[in-house]
Structure formats: C-alpha cells, structure tokens
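Could you take me through how this model is packed, where its charges pair up and what one of its pockets looks like?

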Amino acid sequence: MAAASAAPLAINGAVKMGTTSQAYLDGSRVRETKSLISELCRQFYHLGWVSGTGGSITIKVHDDSIPKPQQLIVMSPSGVQKERMMEDDMYVLSPGGSVLTEPIAKPWPYKPPKCSDCGPLFLKAYEMCNAGAVIHSHGMESCIVTMINPSSKEFRITHMEMIKGIKGHGYYDELVVPIIENTAHERELTESLAQAIKAYPKTTAVLVRNHGIYIWGDSWISAKTQAECYHYLFDAAIKLHQLGLDWSTPSHGAIQTRKAEISAKAGALNNGTEPPRRCIVLDIEGTTTPISFVTDVLFPYARDSVGKHLELTYESTETQDDIKLLRAQIEEDIKNNVVGAVPIPSDGEKEDVIAALVANVAAMIKADRKITSLKQLQGHIWRTGFQSKEIEAVVYDDVPEALEKWNALGIKVYIYSSGSRLAQKLLFGNTGYGDLRKYLCGYFDTTVGNKRETKSYIEITESLGVDSPSEILFVTDVYQEATAAKAAGLEVIISVRPGNGPLPENNEFRTIKSFSEI
C-alpha cells in the first residue's frame with residue numbers, strides 16, 4: 001500500500017494530530033472500513049448493482065473523536081471486478097479529497113490502480129448532505145425506471161410499504177427522486193448532482209437517466225437500507241407499468257382506463273371551459289373540516305393535555321426536540337414583546353420548565369399562532385388522543401366521495417395546512433368515514449412556508465413537478481391564501497362553509513359550498 005504525506009487535519013481551530021499518520025492509516029478503524037467496502041461490494045455484485053466493474057461505494061472512517069465532515073474517506077477503485085476486491089485495493093482520502101494512500105499496482109491482466117470516477121460526486125454528497133456513506137448503483141431497475149418517461153425530471157411513487165425505509169418518509173407520503181441527464185464521463189455529472197441536491201434538499205438519492213443512481217445516508221447502514229428500498233420501489237414501479245397500472249397514484253389504478261375516464265369526464269362536465277387538472281391541493285380548516293372541530297375539539301385537547309404529555313414523555317428524544325424548537329420560538333417572541341411569552345428556565349427543574357412551556361403553549365393556542373414549533377407539539381399530543389380514541393376527526397359529508405372520485409380520475413390530491421404533516425395524517429386517518437389517507441398523495445405544512453406567501457405555492461408547484469402552475473387547483477377558505485396561490489399561477493377556488501370567516505365583496509374568486517361542485 002503506497003502512502004502519501006499530508007498535513008494534519010484542523011478541527012475547530014485546533015489540530016487533530018495523528019489522523020493522517022501512518023499508524024492511523026494502518027489502524028483498525030481504516031482497516032475495518034476497507035474490509036466493509038469489500039464485503040458490501042460482493043453483496044452488491046450479486047444484486048446486480050456493481051457488475052461489469054461499474055458502480056462504486058465510499059464510506060467515511062467513523063471516529064467519535066473527529067467530527068463527521070473531517071473524517072477520512074475510504075473509496076473503492078474504478079475499473080476493477082467489484083466482487084473480487086480486497087482491503088488493499090481501496091483508496092484512503094482526506095476530507096477534501098486528497099489521496100492519502102493508494103493501492104499498489106498489480107501485474108497483467110490487472111489495470112493500473114485508479115480512484116473511482118465517481119469521486120467528485122461522492123465528495124459533493126459528503127459536502128452538501130453531511131453523509132457518512134454514498135453508494136453508486138448500476139442496478140437495472142434504477143436505469144429502466146428513468147426511461148419509462150424520457151421527459152420526466154422526477155420519479156414519484158406513493159402508498160408502497162417500502163417507502164418507509166427512506167429517511168423522512170412514511171407509507172402515505174409521496175417519495176420524489178430527482179432525475180438528472182447522463183453524460184459521457186462520470187465526473188461531468190457533478191454539477192447536475194449538486195443542483196439536484198440543492199433543488200431537493202430532503203432527498204437522499206439522485207437518479208441518472210439511462211445510467212443508475214447515487215444514494216447516501218448518515219451511515220453505511222442507512223445508505224445500504226435506503227438503497228435496497230429504492231431498488232425495490234423502482235422494480236415495483238416497472239412491474240406495475242408492465243401491468244398497465246400507475247405507480248404514482250394512491251390506488252395504483254389502470255393507466256389507460258384512467259386516461260379515458262379523464263377525457264370523457266372533462267368533456268362531459270367542463271365542456272372544455274376549465275383547465276386540465278393534474279393535482280388538487282386542499283386546505284383543512286373550513287375546507288375539508290369544520291373550523292369548530294379544530295377550535296372546539298383539537299385546540300382544547302392540546303391545551304389541556306400539554307402538561308401531562310410533557311410530564312410523561314419529557315426524557316424522550318422527540319419531546320426534547322419539541323422543547324428545543326419551542327425554546328427558540330419563545331426567545332424570539334420575548335425579544336419581539338409577543339403577548340403571553342414567558343421565559344423558559346435554562347437550567348431549572350423539570351417541573352419549572354414544564355410549567356413555563358404550558359403557559360407559553362396556552363398563549364400560542366389562544367392567539368392561533370401558525371408556527372412550526374407549536375404545530376409539531378400539537379401533532380404529538382393529538383397522536384395520543386387519536387390512538388386512544390379520545391378524538392375522532394370530522395370531515396364534511398361531501399369530502400370522502402370527492403376524494404374517491406378524484407382518485408378514480410387519476411387526479412393527485414395533496415393537503416396544505418398550517419398543522420404539522422403528522423397532524424394532517426392523524427386527522428385524515430381517523431375520520432368518521434374511516435381512513436381517508438388512501439386517497440392522498442402527500443402533505444405540506446409550514447416548513448414549505450407561510451400559507452399567505454406566494455413563494456410557498458411556488459415551492460409546492462416545483463415539488464409537484466407539473467408543467468404549469470395552472471394544472472394545480474388550490475381550495476381554501478381564506479382570501480389571503482387564495483390571493484397568494486393565484487399570484488403563483490395556481491387555479492383557486494374558495495370554500496364557503498358554515499362558520500367560515502367573511503370574504504371581501506366582489507372578489508375575483510369562484511366559490512363553492514360543496515366539493516360536489518368541483
């Protein structure tokens with residue numbers, strides 16, 4: 001194994017000595033990471049991910065004493081039989097990509113050693129996503145799935161069990177994977193990969209058309225697990241397509257049948273006067289659900305249960321994350337002299353902290369604050385209520401039938417609410433009409449932006465992958481939200497339900513009293 005001299009790594013202003021010393025490079029941590037890559041590549045070869053010397057993998061050398069961005073990188077070589085690789089075939093790189101050790105050349109018929117052509121893309125994933133491992137697969141399914149629709153810039157799938165294996169996703173979520181165009185040389189994909197990661201900050205994978213996929217995770221286990229799930233989902237999508245079924249809709253209904261229904265329905269009902277719709281985005285309060293259910297049932301339940309909830313779950317990671325978000329919001333509220341904001345003891349007793357949190361949450365609920373920290377905590381409290389059957393969600397009588405109809409027509413339906421995604425799923429999963437989540441493709445909350453800001457609807461439009469914003473219908477009861485959505489180019493209808501607030505006279509929006517009018 002040939003070694004190259006390199007300067008020690010600077011960490012937090014200090015110098016971490018020894019990480020590039022020969023002793024460290026020859027040590028157990030680096031050796032075990034090399035051995036792991038060899039083992040994984042043998043597994044991936046038999047899965048068809050790295051055959052013909054294609055594909056690659058890289059893993060950071062885990063060391064608790066070194067922050068992840070400054071850990072050493074082990075990378076497989078290029079142009080070698082991946083199933084026959086040994087520890088000594090690996091490259092070791094500095095965090096910045098400088099080669100620290102490289103394999104010794106082998107006699108004919110072996111090629112001279114060369115670090116993976118994927119190197120620049122691996123480094124970009126490490127830099128932008130704080131990854132601990134990156135896998136590049138040439139699996140057949142990851143190639144073919146990008147060819148089914150050559151013009152598509154995304155792969156989308158929903159209501160499949162294996163979606164749960166992708167970080168940040170559940171069964172009812174829509175998984176979106178960006179697709180970039182292939183180039184003759186791997187390194188030329190680097191900029192396109194970076195742009196895709198920037199455009200889809202939550203993604204853990206990028207597909208390369210006619211080529212394969214890059215997948216990353218915070219550890220090799222996370223990357224491997226997600227890689228297996230992605231390949232499963234691609235394979236499922238291909239097989240569903242072969243059966244004439246649409247993998248991108250909740251019902252996975254027949255493609256040709258649905259297209260015929262849409263055409264006939266559009267001609268019969270709209271007579272060509274309304275724009276074609278690919279997606280419908282629904283508000284909740286005053287649109288699908290009476291405002292009174294939220295104000296008279298959900299809010300009081302959260303307000304009355306917050307103390308008990310915090311007491312029972314105080315030490316959990318989830319609740320500590322909730323408290324962290326609330327602390328940050330409350331500190332900002334105090335600086336801005338928000339009514340009802342009281343300081344949270346930084347080092348006080350548990351009971352004192354909970355008491356202060358209860359007071360702040362009560363004030364936030366009373367003011368109907370549309371803030372992520374409150375909505376996240378409320379979602380966790382409501383989860384308990386729904387699971388214990390203390391709460392049953394209410395939707396208007398016309399909602400289930402409309403959702404079923406739109407789903408049958410192949411129109412994708414999404415929810416956009418100030419309530420957290422968790423709260424939205426709980427509501428539609430526990431209604432008097434049963435579980436309605438089977439009709440919903442995805443959920444948006446305030447993490448995409450305030451509902452009264454145009455940029456939020458631009459973000460949603462980009463996420464849904466439509467050719468034009470006008471292909472999206474947004475239904476809400478709030479005039480300011482309607483105005484913001486219209487400014488983003490969406491079609492807008494205002495829902496007029498009992499108990500909703502007044503609308504400006506002679507406003508420009510169409511109004512409905514029931515979804516049956518859509």
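Here is a walk through the cores, a helix, the salt bridges and a pocket.

First, the ground rules. This is a predicted model, so local features need pLDDT of at least 70 and side-chain atom pairs count only at pLDDT 80 or more, while totals for chains, interfaces and linings use all residues. Residues are numbered from 1 along each chain as its sequence is written, and side-chain values use heavy atoms, with hydrogens and water left out.

**Cores**

Let's start inside. A nonpolar core here is a set of buried Ala, Val, Leu, Ile, Met, Phe, Trp, Tyr and Cys residues joined through side-chain atoms within 4.5 Å; buried is under 20% relative accessible area, exposed is over 50%, and partly exposed is in between (1.4 Å probe, protein chains only). The largest core has 56 residues, and Leu282, Trp382, Leu403, Trp406 and Phe515 have the most contacts inside it. Helix H8 (residues 291-313) supplies the largest share of this core, eight residues. Helices (H or I, at least four residues) and strands (E, at least two) are DSSP runs, numbered from the N terminus.

Take Leu282: leaving aside residues up to four places away in sequence, its contacts (heavy atoms within 4.5 Å) include Leu403, Trp406, Tyr414, Val475 and Phe515. There is also a second, separate core of 46 residues, with Leu36, Met85, Leu233 and Phe234 among them.

**Helix H5**

Which residues of helix H5 are buried? In H5 (residues 190-199), they are Thr190, Leu193, Ala194, Ala196 and Ile197. They sit on the same side of H5 because they cover an arc of only 160° around the axis, going by the directions from the helix axis to the C-beta atoms. Their cover includes helix H3 (119-129) and the strands E10 (174-180), E11 (205-208) and E12 (212-217).

**Salt bridges**

The structure holds 27 salt bridges, each a side-chain nitrogen of Lys or Arg within 4 Å of a carboxyl oxygen of Asp or Glu. Three of them are listed here.

| Pair | Closest N and O atoms |
|---|---|
| Asp63 and Arg29 | 3.7 Å |
| Arg383 and Glu318 | 2.5 Å |

Asp63 is buried at 3% relative accessible area, whereas Arg29 is partly exposed at 41%.

The Arg383 and Glu318 pair links helix H11 (residues 372-387) to helix H9 (residues 317-335), so it ties together parts 65 residues apart in sequence. Arg383 is partly exposed at 23%, and Glu318 is partly exposed at 32%.

As for the remaining pair in the table, Asp368 is partly exposed at 32% and Lys370 is partly exposed at 36%. Elsewhere, salt bridges that share partners join Glu154, Arg156, Glu174 and Lys412 into one network.

**A pocket**

Last stop: the second largest pocket, with about 790 Å³ of space. A pocket is an open set of points on a 1 Å grid over the protein atoms alone where a 1.4 Å probe fits, with protein on both sides within 12 Å along at least five of seven lines; lining residues have an atom within 4 Å of a point. Volume is the space filled by probe spheres set on the points, which are joined across faces, edges and corners.

Of its 28 lining residues, His169, Val176, Lys202, Phe444 and Ser463 are the closest to the centre. E10, strand E15 (442-444) and helix H14 (454-464) each supply at least two residues of the lining, and H14 gives the most, with four residues.
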